[in-house]
Amino acid sequence: MKKSIQFLALLLLFFCSANAQQEKGIIGSTNWLSNWTEFKPAKVDYGEPNQILAGNISTNTKLLKKNVYLLQGQVYVDNNAVLTIEPGTVIIGDFDSGAALVITKGASIIADGLETDPIVFTSNRSVKKAGDWGGIIILSDAPINKFGGVASVNYDLDNAITVYGGNNPAASSGVLRYVRIEYAGKKVKGSGNFNGLFLGGVGNKTTFDNVMVSFCAGDSFEIYGGDVVMNKMISLKANGIDYKFNYGAQCKIDNSLAIRSSYISSNTSASRCFDLASYEQKSEVDFNKKQTNVVATNLTFVNDSGDLAADMQSGLIKDAVRVAENTFLELKKSVISGFNPAVVLDSKMEVTAPNLKKIKLEQLYINFCKGNIFTEFNPENEELENWYGNSAFFNVYDKKNNAEAFIDFSNEKRPDFRLRISKITASNNN
């Protein structure tokens with residue numbers, strides 16, 4: 001087995017670019033986190049609401065910057081209506097009524113903010129905490145891999161109008177650009193938590209660009225099925241998973257960031273930056289249809305800790321990326337810094353060349369991690385190290401602390417998580 005893996009790695013080397021220097025992690029000639037992001041939202045005064053959003057929005061509706069809106073209860077945009085939100089508008093989720101905004105199949109949201117005037121969804125509590133309100137749910141008719149081709153959202157919502165899935169990968173549900181979602185993820189009785197942004201069967205004509213989910217008690221971004229394109233996403237200190245993909249999700253995500261905290265993020269085995277699966281139970285899906293397939297480039301996953309070694313020793317830090325069986329991942333030009341270990345593969349997955357060809361981990365900078373790439377629950381990773389450690393993949397293993405590895409990491413208002421050395425020589429420092 002080992003020989004076959006090594007031989008295939010040598011073949012890959014022949015086809016790879018001879019250029020061994022690549023820029024890794026979030027990129028940009030300037031810090032694209034400037035202006036529109038907020039890393040300390042608890043200290044921001046968003047004003048008092050003067051308008052209420054409640055019930056169903058069944059006709060085209062526009063929210064104006066001059067108002068502050070209280071999102072009360074479960075608000076459904078239905079009947080193919082379009083909800084348009086002006087740049088700079090603030091929508092405050094009500095804690096007592098478990099507020100959530102649901103864009104149903106056929107409806108759309110145009111939340112097209114500006115770098116200097118982002119749209120903000122936040123909590124109405126005086127002392128804001130993760131899970132204060134529900135979150136945003138967008139449902140559409142792109143394919144999902146579940147028998148029957150459709151599913152409903154299981155958040156104690158109206159199942160009759162929360163159906164998603166269909167046959168249109170190019171479906172459009174509108175635009176989310178320069179949008180912040182803060183303190184979402186309210187607990188659902190018997191059903192876990194809401195997520196900051198849930199996408200069910202969303203198509204590739206929907207725009208997701210510069211979206212920040214902060215302090216979510218559930219998952220920041222959860223993508224079930226669909227064909228989604230995302231650029232410049234940020235997940236800040238979620239309790240749950242930063243980016244979760246399942247049920248045949250086809251996703252391209254570029255130039256995005258996840259920041260975890262040893263003391264805020266859950267330290268359970270189900271909490272990490274990237275979690276990819278194609279099903280919960282094999283009986284749910286059709287293996288003749290597409291399985292989950294994610295292409296991710298220029299991502300940065302970083303653990304914000306004052307003492308990474310101590311937090312790892314005490315069990316507060318887990319893995320960054322988990323890939324389940326029958327799932328495809330291409331993760332390139334990315335940074336994984338401060339995890340235990342960097343990547344784990346499902347224990348059900350055999351370490352064979354055909355399986356590893358489905359999981360492309362290339363041009364990675366794996367920094368200050370207690371282990372690089374392992375099979376779940378297996379302390380032996382020699383075959384995986386031989387495979388992904390081959391020079392064909394240009395992966396780099398290093399031991400710098402955060403301040404040394406990133407530009408202006410200590411700036412809590414507008415940090416810059418690009419690497420200090422933008423060009424990294426692809427040698428393995430094991």
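The model is a predicted one, in which local features need pLDDT of at least 70, side-chain atom pairs count only at pLDDT 80 or more, and totals for chains, interfaces and linings use all residues. Residues are numbered from 1 along each chain as its sequence is written, and side-chain values use heavy atoms, with hydrogens and water left out.

Asp416 is placed in the loop between helix 5 (402-405) and strand 32 (424-425). Helices (H or I, at least four residues) and strands (E, at least two) are DSSP runs, numbered from the N terminus. The side chain of Asp416 makes a polar contact with the side chain of Arg418, at 2.6 Å. A polar contact is a pair of N or O atoms within 3.5 Å; within protein, one must be able to donate a hydrogen and the other to accept it, and residues adjacent in sequence count only if both atoms are side-chain atoms. Not counting residues up to four places away in sequence, Asp416 touches Asn31, Leu33, Phe406, Ile407, Asp408 and Phe409, where contact means heavy atoms within 4.5 Å.

Asn210 is found in strand 17 (residues 207-214) and is buried, with a relative accessible area of 3%. Neighbours within four places in sequence aside, the contacts of Asn210 include Trp32, Trp36, Arg177 and Tyr178. Asn378, by comparison, counts as partly exposed because its relative accessibility is 33%. Asn378 lies in the loop between strand 30 (373-375) and helix 4 (382-388), and a polar atom of its side chain lies 2.9 Å from the backbone nitrogen of Glu380.

Now to the rings. A search of the whole structure finds 17 aromatic pairs. Rings of Phe, Tyr and Trp (its six-membered ring) pair if their centres lie within 6.5 Å; planes under 30 degrees apart count as stacked, over 60 as edge-to-face and the rest as tilted. Phe221 and Tyr243 form a stacked pair, 5.0 Å centre to centre with 0 degrees between the planes. This pair links distant parts of the chain, with Phe221 in strand 18 (residues 221-224) and Tyr243 in strand 20 (residues 243-246), 22 residues apart. Both Phe221 and Tyr243 are buried.

Tyr224 and Tyr247 form an edge-to-face pair, with 5.1 Å between centres and 70 degrees between the planes. Tyr224 lies in strand 18 and Tyr247 in the loop between strand 20 and strand 21 (250-261), so the pair ties together parts that are 23 residues apart in sequence. Tyr224 counts as buried at 13% relative accessibility, and Tyr247 counts as buried at 5%. The charged end of Lys146 sits over the ring of Tyr247, 4.6 Å from its centre; for this, NZ of Lys or CZ of Arg must be within 6 Å of the ring centre and within 35 degrees of the ring normal.

We finish with the cysteines. With a disulfide taken as a pair of cysteine sulfur atoms within 2.5 Å, the count comes to 0 disulfides. Cys216 is in no disulfide, and the nearest cysteine sulfur, that of Cys273, is 14 Å away. Cys216 counts as buried, at 0% relative accessibility.

Methods: Buried < 20%, exposed > 50% of the residue type's maximum accessible area, 1.4 Å probe, protein only.
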